[in-house]
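Colleague: Could you take a close look at one part of this model for me? I'd like to hear about the place where the two chains meet.

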Amino acid sequence: MLEVRTLSKRFGGLRAVKDVSLDVPAGSITALIGPNGAGKTTTFAMIAGFIMPDSGSVRFAGTDVTRWRPDRIAALGMVRTFQITQPFAGLSVAENIRVGAFLRHHDVAEAEARARDVGTRLGLGPMLDRPAAALTVAGRKRLEVARALATEPRLLLLDEVMAGLNPSEVNEIVALIRQVRDGGVTILLIEHIMQAVAALAETAHVLAEGALIASGTPRQIAADPAVVEAYLGHGAAERMARHG
Amino acid sequence: MLRYWPILAVVAALLPFASSSQFLVNLAMLTAFSALLGQGWNIACGFGGLTSFGHAVFFGIGAYAVAIMQTRFGINPWLGLPAAAILGAAAGAVLGAAAFRAGLRGSYFALVTLAFAEVFRILANSLDITKGGLGILIPLHPSLPNFQFADRRGAYALVLVLLAVAMGIAAWLRRSRFGARLVAVRENEDAAAALGIPLVRTKTQALALSGAVTATAGVLYAQMFLYVDPNIAFGAERSVEMLLVAMIGGAGTVWGPVLGAIVLHLIQDTARMLIDTPGFAPMLYGAILLAIIAFLPNGIAGLRLPRRRSAREEVRRA
């Protein structure tokens, strides 16, 4: 479904992303994890067309979409959410979701019905006619997902939709993401919360200092010394082995 | 009660037809004309958030187009009306395509529009076809086929018709797919792009639509006053009037520009009675604009439908 090859991006002297390659098979839930500042969001932004890569390529559903504009990528069926939620603050929750629904539905009544349906499925039912600005953090994260889903994507890029949520909210959204995937949408997600990644993803890729350092099942990754070092510091794996 | 003020406005707008008072007709006509200008600006800038400080460029293009077409080429001004609208739309499309493709937003876009209008003012001042600073006088031939009105009420009726069309466009923006996507672009460009909205195309289309409406106002002006010169057509004061009318009343609403035009004319006429110093009007405009931005970001219409404020209240409650 998604093939990323040797994607690189440099900001001045900083090589934010170095030769990142990864595949997202159709129907899977794939995770991209890594410590703060590893380049996850930059990678996402390049895949979705928000940042132009310096080199490398992105193929989506058999089409080379490298350097495409975000709206064309979205129209093709790959839609991202934002880590820092970006609601249309002046609009109601339903109107927010409707903007997404308008991508595939030109009829206003149809888009409206579609938006209310998606919103209700994502647990935003009671909030649909309230202003988006009135949502809690968890509500805003749901709105991000709802709006993206309303575009009827084939591949959904979720950027830390669980950050800032409490454990019970995390459990709810984990169930929700699984439900979305079972509905036929492939998912690539960036996540910090290891518990969520382990519960959701079949495959995880670990990014550290802009480069991929490991790929595998969440279990394999958690046991990988290079990953432990990236998260906990140089020599941590060795120290843990000695003490553990 | 306050909800029904549009009905009152419509009744008030029709009153001058029943009277022979030139004063009343003039007052109503100029107010409706301001509302039309404000609505032209509002279509791109209120709904789409494209802060234009140079909308006079479209107004001037319309006014000069109809003036040149009839004085030089003998083309009937009724044909000049659609032609001017097309030229206004084309100017909007060119300006939009250039500015938005370059990624200009907010105050940068405002500066470019200001410069664009200024370039046209200078061109009109120096070109032969516009008769430079002399301006163009349209010969007086009052008759309906000639788009000139012996009775001011005729001109006023036409202003009302065009205002109704402009408000119809605004109403369409409020309930259509295009309008919803345009508002989404105004609220958050990144999110809009992520949801598949082509930013440059959407904003350019809005500016072209707005340019067309504003150019028809220019045509009306030329036919009502039968004279156009570079300052009348492309002066910054005209641009400021347009955005003031929309912002006072409520940008991004159907009735805002009408409300704004009424209030602005009340303030203007009162101020003119009290202080008659040249240069006072721009100062007053500046002060009103600051006050609106500081205290009434959604205009007077925002008082009636306090969406932003209620949102904040609900956040507090949550």
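What area is buried between chain A and chain B, and what share of it do carbon and sulfur atoms give?

Modeller: Happy to! Please keep in mind that this is a predicted model, in which local features need pLDDT of at least 70 and side-chain atom pairs count only at pLDDT 80 or more, while totals for chains, interfaces and linings use all residues. Residues are numbered from 1 along each chain as its sequence is written, chains are lettered from A and ligands numbered from 1 in the order in which they are written, and side-chain values use heavy atoms, with hydrogens and water left out.

About 2,200 Å² is buried between chain A and chain B, and carbon and sulfur atoms give 64% of that area. Buried area here is the accessible area (1.4 Å probe) that two parts lose on being put together, summed over both. Contact, meaning heavy atoms within 4.5 Å, links 30 residues of chain A with 24 residues of chain B.

Five residue pairs, both members at pLDDT 80 or more, are in polar contact between the chains. That term takes a pair of N or O atoms within 3.5 Å; within protein, one must be able to donate a hydrogen and the other to accept it, and residues adjacent in sequence count only if both atoms are side-chain atoms.

On the side of chain A that touches chain B, α2 (70-76), β6 (78-80), α3 (93-101) and α5 (137-150) each supply at least two residues. The most come from α3(A), with four residues. Helices (H or I, at least four residues) and strands (E, at least two) are DSSP runs, numbered from the N terminus.
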